[in-house]
Amino acid sequence: MSVTRLTFKEMCAEFDVTPRTLRYYEYIELLSPERDGRSRFYHSREVARMKLIMRGRKFGFSLEDIRQWLDLYDTSEKNSAQMEAWIELADSQMEELTSRRDQIDEAIAELQALRDQVAKGL
């Protein structure tokens with residue numbers, strides 16, 4: 001993205017989020033836009049942070065987990081303990097997502113079998 005500064009409205013459109021969501025991320029200090037009166041402006045750092053927030057949400061992480069992820073990216077000195085903690089968190093989330101996928105696959109198979117059974121009865 002070559003734009004160095006996005007308005008509040010542009011940021012909402014860029015990430016397809018509601019104004020309420022963007023204000024909430026600011027309220028819980030995941031984002032810190034530049035303020036000029038009542039206007040908010042988002043520079044490349046905030047845009048990058050929002051990309052990470054959206055990625056974290058897609059992966060199913062809680063906002064507190066995302067905060068830790070953002071803190072890791074913000075730290076110039078990335079120590080091995082932080083990186084190991086992040087790997088453990090990612091491993092745990094992958095297990096959770098895999099479990100959910102297995103449950104969904106099982107539900108689809110059961111629904112398909114029931115549907116096929118009903119269809120045979122017609």
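Author: Contact means heavy atoms within 4.5 Å of each other. The model discussed here is predicted. By that definition, I66 touches I53, G56, R57 and F61, once its neighbours within four places in sequence are left aside.

Reader: Where is I66, and why does I66 count as buried?

Author: I66 belongs to helix α4. Buried means under 20% relative accessible area. The value for I66 is 0%, so I66 counts as buried. Its C-alpha atom is 9.3 Å from that of M54, a residue 12 places away along the chain.

Reader: What makes E46 buried or exposed?

Author: The relative accessible area of E46 is 5%. The limit for buried is under 20%, and therefore E46 is buried. E46 is located in helix α3, which covers residues 44-58. Apart from neighbours within four places in sequence, the residues in contact with E46 are M11, L30, L31, S32 and P33.

Reader: How do you know that the side chain of E46 makes a polar contact with the side chain of R45?

Author: The distance is 2.6 Å, and the cut-off for a pair of N or O atoms is 3.5 Å. Residues adjacent in sequence count only if both atoms are side-chain atoms. Here the contact runs from side chain to side chain, so the pair passes that condition.

Reader: Which residues in α3 are buried, and how does the reach of α3 compare with the span expected at 1.5 Å a residue?

Author: The buried residues in α3 are E46, V47, R49, M50, L52, I53 and G56. As for span, α3 has 15 residues and reaches 21 Å from its first C-alpha to its last. The expected figure is also 21 Å, and the reach is close to it. Just after α3 comes G60, with a positive phi of about 90 degrees.

Reader: Why is the pair of F61 and W86 called tilted, and where are F61 and W86 in the chain?

Author: The ring centres of F61 and W86 are 5.2 Å apart, and the planes stand at 40 degrees, so this pair is tilted. The pair links distant parts of the chain, with F61 in the loop between α3 and α4 and W86 in helix α5, 25 residues apart. W86 has a relative accessible area of 19%, and this is under the 20% limit, so W86 is buried. Ring pairs join F61, W69 and W86 into a cluster.

Reader: How do you know that R5 lies over the face of F41?

Author: R5 is 3.6 Å from the ring centre of F41. The distance limit is 6 Å, and there is also an angle limit of 35 degrees from the ring normal. R5 is described as lying over the face of F41. R5 also has a bridge partner in β3, namely H43.

Reader: Why are D16 and E29 called exposed?

Author: The cut-off for exposed is over 50%. D16 has a relative accessible area of 71%, so D16 is exposed. E29 has 60% and is therefore exposed. D16 is in the loop between α1 and α2, and E29 in the loop between α2 and β2. D16 is not a glycine, although its phi is positive at about 50 degrees. E29 is likewise a residue other than glycine, with a positive phi near 65 degrees.

Terms used
Residues numbered from 1 in each chain as written. Predicted model: local features only at pLDDT ≥ 70, side-chain atom pairs only at ≥ 80, totals over all residues. Heavy atoms only, no water. Helix = DSSP H or I, 4+ residues; strand = E, 2+ residues; numbered from the N terminus. Buried < 20%, exposed > 50% of the residue type's maximum accessible area, 1.4 Å probe, protein only. Polar contact = N/O pair within 3.5 Å; in protein donor to acceptor, adjacent residues only side chain to side chain. Phe/Tyr/Trp six-rings, centres within 6.5 Å; stacked < 30°, edge-to-face > 60°. Expected span 1.5 Å × (residues − 1). Pairing = 2+ DSSP bridges.
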